[in-house]
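Please keep the structure open while reading.

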Amino acid sequence: MVRTIEDLPFELLSYILNEAVELNAYDAVTYTYGLSEAPHPLRQTTLQRHVRGRVAPDVLRWNVSSALRQVNRRWHDWALEYSMKDLYIRRWRGSERWMESRNLAELRKRPSGIAVYRDSFCALRKAVQLFSSYPDIASYVRRVWFDGFRVAETDNYIFQVLRNCRNVRSATLPWTTLRHVSAEDWSLLLQGGQNRQALFSLELLAVDLKASQTRDPANLCDLRPLDVEYGLDFSSLRRLKIFGNTNLLPITDTDLKAIARTAQNLKAIHITGLSSVTVDGVMALVEASKDTLRILEFSPLSDDGFDHPDPSATSAKEHLCPLLLDCPRLENLSISVPSICADLFSKEAVHWSGELQIRGGTTCGQDHTPSSSINAEDVWRVSNQARALMDFRQKQGAQLDVEIFISHWIFEPRQRLVHGNFDLAEAMSDLTWPLLKAPSGKGPYGQTGLYGKDEGPYECISERSFSEGLQQGFVSF
């Protein structure tokens, strides 16, 4: 017989406590505020409150569950798990100064006052101190994200935190940890051990650093934990994400090939926004995990900005279309490849669904190597085969939408449309071609928005009209 709430099964009690903290969140402080002007003595001042920013989600969870931690041990443990499961540690960034005037208008014109000094690594050091003193608290952490820490000193602090987080399953780390941290520490994180969980998801985020940081000898140190003699094992990973360009020891194809030696169980690979990796390194990961891979995203950038590089400039000599078809569980695909042909859409037994983007530098030649020039007939063959595959998948109850990027054009086979900038072609035809066009919601990179480029808005025309433009020489590849 249930007499008190403590007699309920833990599942019901957990549901009730979760509803309680969600209700507390409605009344909790979710934004931080500041005052527009300080009060003056003997004078009535109208104070206005302005929003400074949102309260961090982990701080909010800690606040709304604080009352539950004071009830009993059982509720205390539940509240700790609720508030500590996702941990976000961010480097402090600020430019506050001590105010030396009572008039804010004067400070706007001539900022004065001594800068308020705060240790930018304080949050990370406090986390090291807390988890070292109370490792039981660290055991409740399931996902951790370190934001803004990118030097050798902070990389050591990060792994001091992770040593105590024995149940962490997902980690978002700076890419510098792959250079500044020993193979022993990486092995403990990846494979776990006695009373420790193995890592499930790994994200490595990269950014450009200041010139002074790139010259610091401590930051230039590379412990090379991926070398074969250390034997790092990535077999426990199910998800790998690498994002961002950097000017300090970037991740390269060599690193991906070293990871691929043991990463045989990946379900999701996301490699985007960087120029130091080519399709060679990505396909090494794909081949290693082809039996388990479900999601593949490879969207590199060029060295000079936000633009997809020419995939044909890579050194890949192997025909990649059959390799992508050799992933029986693959569902979502977005990739830049050296060349593309109709073989990529020839297999009906695939499980592809959703939006699928293929960016090809050229078409595949007769020997399945990238062609030196793009043949229009090959492009239409690819489009027709993609359309046939979409129709087949629709009959199976799956919605598949394919977008094919070749040269400066975006082909949308389902709608039989071609997207691009036709201003020059119109001028060459004395405004006689195309006869019909419509605005396009796609930018130069297959997405809405132009990212500050000068191409102007894209437009779309029919495949038949584009073919006529090719024949008359108004457009080309």
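## Salt bridges

Glu426, Lys437 and Glu459 are joined in a network of salt bridges. A salt bridge here is a side-chain nitrogen of Lys or Arg within 4 Å of a carboxyl oxygen of Asp or Glu. The model is predicted: local features need pLDDT of at least 70, side-chain atom pairs count only at pLDDT 80 or more, and totals for chains, interfaces and linings use all residues. Residues are numbered from 1 along each chain as its sequence is written, and side-chain values use heavy atoms, with hydrogens and water left out. By the salt-bridge rule the count is 14.

Helices (H or I, at least four residues) and strands (E, at least two) are DSSP runs, numbered from the N terminus. Glu459 is buried at 18% relative accessibility, whereas Lys437 is partly exposed at 32%. Buried means under 20% relative accessible area, exposed over 50%, and partly exposed in between (1.4 Å probe, protein chains only).

Glu153 meets Arg125, with the closest N and O atoms 2.8 Å apart. Glu153 is in helix H7 (residues 152-164) and Arg125 in helix H5, 28 residues apart. Both ends are partly exposed: Glu153 at 37%, Arg125 at 29%. Arg163 and Asp185 also form a salt bridge (3.1 Å, N to O). Arg163 lies in helix H7 and Asp185 in helix H9 (residues 183-191), so the pair ties together parts 22 residues apart in sequence. Arg163 is partly exposed at 39%; Asp185 is buried at 17%.

## Overall build

The protein chain has 17 helices and 16 strands. Of its 477 residues, 44% are buried. Residues 24 or more positions apart account for 67% of the contacts with a separation of 6 or more. Contact means heavy atoms within 4.5 Å. The chain exposes about 25,400 Å², and carbon and sulfur atoms supply 50% of it. Accessible areas come from the Shrake-Rupley method with a 1.4 Å probe; for residues, only the protein chains shown count as cover.

## Pocket and cavities

The largest pocket holds about 1,000 Å³ of space. Of its 29 lining residues, the closest to the centre are Ala56, Val59, Tyr88, Arg90 and Ala123. Strand E2 (49-54), helix H2 (57-64), helix H3 (73-84), strand E3 (86-90) and helix H5 (122-133) each supply at least two lining residues. H5 gives the most, with 6 residues.

The whole structure has 2 cavities of 30 Å³ or more. On a 1 Å grid over the protein atoms alone, a cavity is a set of points where a 1.4 Å probe fits but cannot get out; a pocket is an open set with protein on both sides within 12 Å along at least five of seven lines; lining residues have an atom within 4 Å of a point. Grid points are joined across faces, edges and corners, and a volume is the space filled by probe spheres set on the points.

## Backbone exceptions

Most residues other than glycine have a negative phi, and most peptide bonds are trans. Trp433 and Pro434 are joined by a cis peptide bond, with omega about 0°. Pro434 lies in the loop between helix H16 (423-428) and strand E15 (438-439). Asp430 is in the loop between H16 and E15. Its phi is positive, near 55°, and Asp430 is exposed at 64%. Arg224 has a positive phi near 50°. Arg224 sits in the loop between helix H11 (217-220) and E7, partly exposed at 47%.

## Helix H17

Which residues of helix H17 (residues 463-472) are buried? They are Glu463, Ser465, Phe466, Ser467, Gly469 and Leu470. Their cover includes helix H15 (376-395) and strands E13 (409-412), E14 (417-420) and E16 (459-462). Just after H17, Gly473 takes a positive phi of about 80°.
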